[in-house]
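This briefing sets out selected features of secondary structure packing and of one chain-to-chain interface. Please consult the sequence and coordinates shown below alongside the text.

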Amino acid sequence: MANQKELCLSGKGLTKIFGLGGRKTVAVDHVDFDFYKGEVVSIVGESGSGKTTLAKMLLGLISTTEGEIYFLGEKRDIRTHRKKKEYWKNIQAIFQDPFSSYNIFNKIDTVLLDCIHMRGGSRLPRAKKIEMMTEACSFVNLKFEELTNKYPFELSGGQMQRLMIARIFLLKPKILLADEPTSMIDASSRATILDYLMKLRNETGMTTIFITHDIGLAYYVSDSVYIMERGRFVESGTADEVILYPREAYTKRLINDVPKIYEEWDLSTV
Amino acid sequence: MKQIIQQIFRSGKFIVGFSIFTTILLVVIVYPLLIPDPPLNIIGQGTFFEPGIYVSVFDSISSPQYTLNLDEAAAKRIASKLGEEDRLAIKEWLIASGIPEGEIEIENTEKLLDQWFENYDPAKNIPGMTNAKRNYFIRLNKAITGLLSDEGMSITVKNAETGVLEEKGTIVPSAYVNVNEVPNVRVLPLGTDNFGRDVLTELVAATRVSLQIGFVAGIIATLIGLTLGLLSGYVGGVVDDVIMFITNLFIVIPSFVLLILISFSIGQDQRGAFTIAMVIGFTSWVWTARAVRSQVISLRNRDHVNLSKLSGHSVVHIILTDILPYIASYVVMALILQISSGILAEAGLSILGLGPRTTEVPTLGLMMNWAMIYQAHILGKWWAYFPVIITIALITFSMNLMNTGLDQVFNPALRD
Amino acid sequence: MSNVLLEVRELTTKYVTRFREDVYAVDHVSLKVEEGKTLGIAGESGCGKSTLALSLMGYYFPPLHYISGDILINGKNISKMKPDDIRKSVLGNEIAYIPQAAMNALNPTRRIIHFIEDVMQAHELYITKKDIYNRARELFETLGLPEEVLHKYPVELSGGMKQRTVIAVSVLLLPKVLIADEPSSALDVTSQKMVIKMLRQLMEKGLISSLIFITHELPLLYNVTDDIMVMYAGQIVEKASSKDAVFDPLHPYAKGLMGSIIVPESGLRDVKLTAIPGVPPNLKNPPAGCRFAERCKYVRPDCRTSSVHLRDVNDTRTYRCILPENELRDIYAKEVAQNG
């Protein structure tokens, strides 16, 4: 990574509160972060820690209750549909469950064509579009000729998630937010998905944010790691710092509770 | 799509419901083509003619006659003519003539008549017999002898000029006509109603109108419910609050009461079948709206909707392509239920006399209404109301069955 | 050699789908579980792990059907017993089974103790409620579960607590073998660890004699079990001690699976994760020859035609491949050398 780190996405005092009055739930509680260009960041937390809410705020799918998000050093403004559309050209996502990520009534062609249209390619000739889709599919080792006119649910989970990466390949966003991209698919396909994601990042230099509960995955892929507990970041730093030499009790516990294979797994701590 | 249809037609319940419903539809379409009579034509002078084959007496006289010598003919004729009262009178006479009661079988016409001819004597008196009674017995004897006689009946026609009755011919008891050769035969499978209208023709027309009312009401209700449900579910916030406020308001007021009030205030003259359908539609959208809303709320946070948003699609596009197809099966099921409940609502309204005005079209509810006003149920004229009940039951039953079948296909948790 | 508690010989069972197609999800599986040992079953989803677990109980109900093979518990063959006898005398007493997501099967309208009463009374007709309560309390005490859980409704308990309660209830009748199917998936890491600790306790305190543990999470399997059996497409492809299975797998599928393990340990970053391309075969008509051939990196022409049998390496280790052990090891060594 370059020595001169350039800020890509950062947040100041970001807060999300659900509900009103007595039934308020603070999902995300004044979090600050700086994600740099080209970096692979992991946000690690257990279920209910607010990591998915944070992800949705970053994507602009839900509003923020308090705090600001800065995109490329400027305050993010997504108050109109037009501005939102502009923002979404820069930030894209891969969701956890490939089976529910696709509209089951749309063919795979539609999924990919949408991406081309979003990049302003709606007037391209048909042959050019097919060429682009074929290129995107071959990037993730899928054959577009075999996929055309098929529906996403005819693919396996791993293939669907690869198609998701092909989508990102076409969109070429500056930021990719991957929300548990491998937790619903078999371990044998997990490495494939991670490989393609990393290949894509290396080619495009996009900032990649992993949202995960799997601390091992976070350690494997990321440059820096944020540990989230009950809506707050309790610890952050480079992957080695946080996972090999955790300082906070919560992080220590989290790492302790994950089964080990190279070292002895201490069961007495529960 | 093809797969879904195949799946649907694998469900036994749907097939049964669908066949019943298509049969009803076919009858409603085909019957008027075969018998193009206006359904509200009054053909019978008098009320509640029984179901049967009506043969023109006038035509049968002039039809070719055939002689058939059938043994039982006379006995059958007498058996049908000899009433309960006559038989009891004969029994009375026979007992008075000293025949033991055990030997008299009043149902056995042949034996009874034999005993009668053996013992009857116009000159004899039985104890306690009044003069009137005596004359009755004389008349009875004459009638029975007349029935048994082989002599024909003569047909006379009044000469228009002279005013003298001229005999045109005689009809003997063994003369028969072929029904096929009688030009005027009317089959009334379900008889006539209180106005003398053919119940079957009326029923078919009524079923058609009721189905139309059901469809219009169902489509209106589903459209309103769907639009409001989609809006309040997807947009949320204030829009949701306002729509839910209205919906809840409609829920607290029983819709049938509302229906009665609206129907009543429209007035008899303004109430056509279409108006009634609209009124029913406008009062029964509430549950569709609520159900659609809850479905949409669970859909709007799904990943594919989020992905569609990230692809920069507009709200309308998302609702139309990412939400609507997912709830389409649900909406179709709701529509089927709305149609069947629309038919029931019309029937309910019409029975109360608040249905469409009575002069134009029959509906299932109106037929029930007429049957009730003219006391068909008290008089035992079952054909005036029972087929209507069966038709209503069959329509709603078949639609609910289709709905359950669809539910089984679209909701895998219910599959067996 | 210690006492063999559960022995399965050439067990074959099938599913019949809604379209009347046969799916042989367990295909000639043989295994032995010794007293005091824990057997782990690993594999991708859809490879027959859960079906095997279900089949091991000898209690079949549609769509699962028994075809052939024997199941011996303590030398008693249960595969030929009537379903009712199995339900009364085998299930719970000899074998207990915790299905996937068992904790969600608790009736939300009944307290835990009532659920326990139902279970006990189904097996022991004349047991009093007081006895049941005492037994449950004792067991909960031994396992370190708070007594008040007994009086709570399932919704009042956390996921981890629910799962531990279900496990405790499953060993109430002191079965010899416990089959746990994914007992810790869908739980957060801390609860998962508690569940694992509890399963270990069950073995240590002698509440059960053997454990069969099924999961797709290999690090977990490694930490719980003595032996690991890897299943693929309804067949056993490798069986070895946990250490060998994880660090020195022989079958290419097992090797691929073990290469996809991710743990937050310093050893991890040096490892290149491996992936197995493709998807498992459709068991409605499994391929002839080696079922893994389609996805195998080292596939040879005869893999697809010749039938592949299990090869025994030693008493405890076996694998299913056409290649002998030394040839396989040569191939692996060459590959490592190539990649540097």
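The points below cover a sheet, a helix pair and an interface.

This is a predicted model, in which local features need pLDDT of at least 70, side-chain atom pairs count only at pLDDT 80 or more, and totals for chains, interfaces and linings use all residues. Residues are numbered from 1 along each chain as its sequence is written, and chains are lettered from A and ligands numbered from 1 in the order in which they are written.

**Sheet of chain A**
- An open, antiparallel sheet of chain A has four strands in the order 2-1-4-5; strands (E, at least two residues) and helices (H or I, at least four) are DSSP runs numbered from the N terminus, and strands pair if DSSP finds at least two bridges between them.
- Strand 2 (25–36) and strand 5 (74–75) of chain A each have a single partner strand, so one side of each lacks a neighbour in the sheet.
- Strand 1 (residues 7–18) of chain A is joined to strand 2 of chain A by eight bridges, and A:L14 has A:V31 as its bridge partner in strand 2.

**Helix pair of chain A**
- Helix 7 (residues 157–171) and helix 8 (residues 187–204) of chain A have axes that come within 10 Å and cross at roughly 5°; axes are lines fitted to C-alpha atoms, for helices over the stretch in contact, and angles run from 0 to 180 degrees between N-to-C directions.
- Helix 7 and helix 8 of chain A are therefore roughly parallel (angles under 35 degrees).

**Interface of chains C and A**
- In this interface, 33 residues of chain C are in contact with 33 residues of chain A (C-beta atoms, placed from the backbone, within 7 Å).
- Helix 6 of chain C gives the most to the side of chain C that touches chain A, with seven residues.

Key
Angles under 35 degrees count as roughly parallel, over 145 as roughly antiparallel, 65 to 115 as roughly perpendicular and the rest as oblique. Two residues are in contact if their C-beta atoms, placed from the backbone, lie within 7 Å.
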